[in-house]
Amino acid sequence: MSRKAPVNESPTEIDITEIVKRIPHRYPFLLVDRCEDYKPSESIVGIKCVTINEPFFQGHFPDYPVMPGVLIIEALAQTGAVLMSKSLDVDVAGKTIFFVSVDNGRFRQPVRPGDVLRLNVKVIRARGDLFKFQGQAMVGDKVAAECEFAAMVVATQ
């Protein structure tokens, strides 16, 4: 008996199967588990379930594990790349989405094992293959990090 993969119930939900088809990141550098509230060319919410098994916790920091701030920003950027890929319907064969800038980065509170990061990403401006975003990483009702960033589609072949 063969099993079919579950189909997304809502077109606003993006599961891990679709994420890995849309962006090239893989373990241990894939930092988005699923996405929800997708609005084409407008916004998306990425979800990252942070566990003690993350490889960076071995050295950051063994006695008080904290997710590195740059990886929180990377998780926001990956969420933005999923939004771009789906909105532009990017053919990933021979193309990828590169993070090109970050501005006004702020880190407000540590992210620890057991936290669920909600990665709220909104499009500020879109012109062709270049998008500028505002991102906010939340743990519960608290802002963990925020920034503005840009990404663009680049031919890789």
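This briefing walks through the strands, salt bridges and a surface patch of the structure above.

The model is predicted, so local features need pLDDT of at least 70 and side-chain atom pairs count only at pLDDT 80 or more, while totals for chains, interfaces and linings use all residues. Residues are numbered from 1 along each chain as its sequence is written, and side-chain values use heavy atoms, with hydrogens and water left out.

**The sheet**

- Six strands make an open, antiparallel sheet in the order S1-S2-S4-S5-S6-S3. Strands here are DSSP runs (E, at least two residues; helices are H or I, at least four), numbered from the N terminus, and two strands pair if DSSP finds at least two bridges between them.
- Strand S1 (34-39) and S3 stand at the edges with a single partner strand each, so one side of each has no neighbour in the sheet.
- From one strand to the next, the twist averages 25° (axes are lines fitted to C-alpha atoms, for helices over the stretch in contact, and angles run from 0 to 180 degrees between N-to-C directions).
- S1 pairs with strand S2 (residues 43-49) in the antiparallel sense over four bridges, and Cys35 stands opposite Gly46 in S2.

**Salt bridges**

- The model has eight salt bridges, each defined as a side-chain nitrogen of Lys or Arg within 4 Å of a carboxyl oxygen of Asp or Glu.
- Arg108 bridges to Glu146, with the closest N and O atoms 2.6 Å apart. Arg108 lies in the loop between strand S3 (95-107) and strand S4 (116-127) and Glu146 in strand S6 (residues 142-155), so this pair ties together parts 38 residues apart in sequence.
- Glu148 and Lys132 form another salt bridge, their closest N and O atoms being 3.6 Å apart. This pair links Glu148 in strand S6 to Lys132 in strand S5 (residues 130-139), 16 residues apart.
- Glu36 joins Arg34 at 3.8 Å between the closest N and O atoms. Glu36 is buried at 14% relative accessibility, whereas Arg34 is partly exposed at 36% (buried means under 20% relative accessible area, exposed over 50%, partly exposed in between, with a 1.4 Å probe and protein chains only).
- Glu18, Arg22 and Lys86 are linked in a salt-bridge network.

**A nonpolar patch**

- Phe98, Val100, Leu130 and Met152 form a nonpolar surface patch with about 330 Å² of accessible area together. Patch residues have over 30% relative accessible area and no salt bridge; like charges are joined within 9 Å and nonpolar side chains (Val, Leu, Ile, Met, Phe, Trp, Tyr) within 5 Å. Areas come from the Shrake-Rupley method with a 1.4 Å probe; for residues, only the protein chains shown count as cover.
- Phe98 sits in strand S3 and is partly exposed at 42% relative accessibility.
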